[in-house]
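Visitor: I am new to this structure. Please take me through one part of it closely, step by step.

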Amino acid sequence: MTDTAPAPSRRRENTRSRLMDAAAQLFAEEGIDASSVEAICERAGFTRGAFYSNFGSKEELFLALCERSAETTIRAVRERIASIEKNDLDAGSEMRTLVQEVLEVAGHDRLDVLLGAEIRVQALRNADFAEAYLALDRGLSENVSRLISDVADARGLELRVPLAEATELLLSTWISAAERALITRRDPGAARDELAERLSGIIALIL
């Protein structure tokens with residue numbers, strides 16, 4: 001099949017992607033307030049002209065980054081859920097492992113955790129950023145809720161608490177554990193083991 005997409009469109013998309021990748025690193029490392037347009041351009045290897053031909057401001061880029069992060073994470077979660085369901089939920093797999101696998105898709109990478117924290121901080125300060133963060137949170141919650149419900153149905157279990165509360169508890173635990181692992185400079189393997197134990201306890205309470 002012949003690629004008929006115009007070369008300028010591909011170049012523009014590549015430029016946007018590289019600017020967003022550079023901004024994601026800077027925002028995660030230094031925060032949006034301390035990251036200048038010049039620093040983003042320097043890291044991406046572009047001029048200010050290239051930046052402003054793609055984004056009206058640093059804040060607009062940040063919102064685009066939030067949207068991309070949401071789409072990427074939710075798509076990964078959906079793919080993981082589909083993979084788990086394909087392999088039969090009640091085939092003997094531990095519920096803890098099933099939930100942990102999906103939560104881990106959201107990212108154990110240091111930059112991902114830092115960027116997530118920056119998004120939450122900015123959401124507290126700015127209504128536009130809050131809207132973008134809440135969209136990400138809704139998408140993740142819907143998919144994790146689906147997983148919990150499917151696991152419970154497949155294994156003939158009932159929830160002891162409302163589904164929305166169970167989902168919120170699991171997601172908040174994941175966020176807390178991921179951020180604490182960075183703060184305490186935990187070994188990634190040890191951090192995953194700790195998360196597994198915490199999730200195991202929570203699952204025992206909700207199912």
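Which residues does Phe-129 touch, not counting residues up to four places away in sequence?

Guide: A word first: this is a predicted model. Phe-129 touches Ile-32, Glu-59, Phe-62, Leu-63, Gln-122 and Ala-123, leaving aside residues up to four places away in sequence. Take Leu-63 from that list. Leu-63 and Phe-129 are 66 residues apart along the chain, yet their C-alpha atoms are separated by 6.6 Å.

Is Phe-129 buried or exposed? Its relative accessibility is 4%. Buried means under 20%, so Phe-129 counts as buried.

Now the helix around it. Phe-129 is found in helix H7. H7 runs over residues 127-154. Asn-126 caps the N-terminal end of H7. A side-chain oxygen of Asn-126 lies 3.1 Å from the backbone nitrogen of Phe-129. H7 has 28 residues, which at 1.5 Å a residue should span 40 Å. The end C-alpha atoms are 40 Å apart, so expectation and model agree. Just after H7 comes Gly-156, with a positive phi of about 65°.

The largest nonpolar core has 27 residues. Phe-27, Ile-40, Phe-51 and Leu-61 have the most contacts inside it. At least two residues of this core come from each of H1 (7-30), H2 (37-44), H4 (58-86), H6 (110-125) and H7 (127-154). H1 gives the largest share, eight residues. Look at Phe-51: among the residues it touches are Leu-19, Val-37, Ile-40 and Leu-61, not counting residues up to four places away in sequence. As a general rule, nonpolar side chains in soluble globular proteins tend to be buried together.

Ala-166 leads on to helix H8, where it is one of the buried residues. H8 covers residues 163-183. Its 21 residues should span 30 Å at 1.5 Å a residue, and its end C-alpha atoms are 30 Å apart, which agrees. Other buried residues in H8 include Leu-170, Leu-171, Trp-174 and Ala-177. Seen down the axis of H8, the buried residues fall within an arc of 150°, so they line one face of the helix. The face turned away from that buried side carries exposed residues: Ala-164, Glu-168, Arg-180 and Ile-183. Arg-185 follows H8, and its phi is positive, near 55°.

Notes: Residues are numbered from 1 along each chain as its sequence is written. This is a predicted model: local features need pLDDT of at least 70, side-chain atom pairs count only at pLDDT 80 or more; totals for chains, interfaces and linings use all residues. Side-chain values use heavy atoms; hydrogens and water are left out. A nonpolar core is a set of buried Ala, Val, Leu, Ile, Met, Phe, Trp, Tyr and Cys residues joined through side-chain atoms within 4.5 Å. Buried means under 20% relative accessible area, exposed over 50%, partly exposed in between (1.4 Å probe, protein chains only). Helices (H or I, at least four residues) and strands (E, at least two) are DSSP runs, numbered from the N terminus. Contact means heavy atoms within 4.5 Å. The expected span of a helix is 1.5 Å times one less than its number of residues. A polar contact is a pair of N or O atoms within 3.5 Å; within protein, one must be able to donate a hydrogen and the other to accept it, and residues adjacent in sequence count only if both atoms are side-chain atoms. The arc is that of the directions from the helix axis to the C-beta atoms.
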